[in-house]
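Here's a quick briefing to read with the model open in your viewer.

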Amino acid sequence: MSALRTGRSTRRRPARTTGTLPPEGSKAALGRDHSLPVRQWPITLVLAVVGIGLAITSRADFRYGLLVIGGAMVLGALLRLLLPEVGMLAVRSRFTDVLVLLCFATVIVVLALVAQPDPWLRLPQVEDIGTYIGQRH
């Protein structure tokens, strides 16, 4: 009796998982004739901007550095959204990568703006956070 008549599949499952498919857009941005940092220029650019932000944080007001780091996250999200191939900047699906990078950017920028002393942005909910987590005045 053939497998088609019985309705059963003839494919057997592999004994172990051999790998997963890479995310969409994970090919290198440039060909193999370039060096690795150049081939992977999108993540190299984002990491360079993060490095600049860290340098600014250590040398000047930490808020400026954190704003640059948040800007690097937005840059990464834009590169992932707009470019067809971004190499190692692609981790999951395009939607997930962009959403996570924008969430990280938002959190970093908002926390930089509301940081004490002398916050640049006043959010009453955040100013009273000590009472929410159990500290009393």
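The buried residues of α4 get their cover from elements that include α3 and α5. Keep in mind that this is a predicted model. So which residues of α4 are the buried ones? They are Arg-63, Gly-65, Ile-69, Gly-70, Ala-72, Met-73, Gly-76, Ala-77, Leu-79 and Arg-80.

**The fold at a glance**

- The protein has seven helices and zero strands, and reading along the sequence gives you α-α-α-α-α-α-α.
- Of its 137 residues, 23% count as buried.
- Take the contacts between residues at least 6 apart in sequence: 56% of them join residues at least 24 apart.

**Helices α4 and α5**

- α4 has 21 residues, and from its first C-alpha to its last it reaches 30 Å, close to the 30 Å expected at 1.5 Å a residue.
- On α5, the buried residues are Arg-94, Asp-97, Val-98, Leu-101, Ala-105, Ala-112 and Val-114.

**The nonpolar core**

- The largest nonpolar core holds 13 residues, and Met-73 and Leu-89 are the members that touch the most others in it.
- At least two residues of this core come from each of α3 (41–59), α4 (62–82) and α5 (94–114).
- α4 supplies the largest share of the core, with four residues.

**The largest pocket**

- What lines the largest pocket? The residues are Ile-43, Val-46, Met-73, Gly-76, Met-88, Leu-89, Val-91, Asp-97, Val-100, Leu-101 and Phe-104.
- There's about 150 Å³ of space in this pocket.
- By type, the lining splits into nine nonpolar residues, one polar and one charged.
- α3, α4 and α5 each put at least two residues into the lining, with α5 giving the most, four residues.
- Met-73 and Leu-89 turn up in this lining as well as at the top of the contact list for the largest nonpolar core.

- *Leu-89, where is it?* Leu-89 sits in the loop between α4 and α5.
- Is Leu-89 buried or exposed? Its relative accessibility is 9%, so Leu-89 counts as buried, the cut-off for buried being under 20%.
- Setting aside residues up to four places away in sequence, Leu-89 touches Pro-42, Ile-43, Gly-76, Leu-79, Arg-80 and Asp-97.
- Gly-76 and Asp-97, two of those contacts, also line the largest pocket together with Leu-89.
- Leu-89 and Ala-77 are 12 residues apart along the chain, and their C-alpha atoms are separated by 9.2 Å.
- *Leu-82* lies in helix α4, but at 64% relative accessibility it counts as exposed, because exposed means over 50%.
- Leu-82 and Arg-94 are 12 residues apart in sequence, and C-alpha to C-alpha they are 9.8 Å apart in space.
- *Leu-113* lies in helix α5. Its relative accessibility is 22%, so Leu-113 counts as partly exposed.
- Which residues does Leu-113 contact once its neighbours within four places in sequence are left aside? They are Leu-67, Pro-119, Trp-120 and Leu-121.

Conventions:
Residues are numbered from 1 along each chain as its sequence is written. This is a predicted model: local features need pLDDT of at least 70, side-chain atom pairs count only at pLDDT 80 or more; totals for chains, interfaces and linings use all residues. Side-chain values use heavy atoms; hydrogens and water are left out. A nonpolar core is a set of buried Ala, Val, Leu, Ile, Met, Phe, Trp, Tyr and Cys residues joined through side-chain atoms within 4.5 Å. Buried means under 20% relative accessible area, exposed over 50%, partly exposed in between (1.4 Å probe, protein chains only). On a 1 Å grid over the protein atoms alone, a cavity is a set of points where a 1.4 Å probe fits but cannot get out, and a pocket is an open set with protein on both sides within 12 Å along at least five of seven lines; lining residues have an atom within 4 Å of a point. Grid points are joined across faces, edges and corners, and a volume is the space filled by probe spheres set on the points. Ala, Val, Leu, Ile, Met, Phe, Trp, Tyr, Cys and Pro count as nonpolar, Asp, Glu, Lys and Arg as charged, and the others, Gly among them, as polar. Contact means heavy atoms within 4.5 Å. The expected span of a helix is 1.5 Å times one less than its number of residues.
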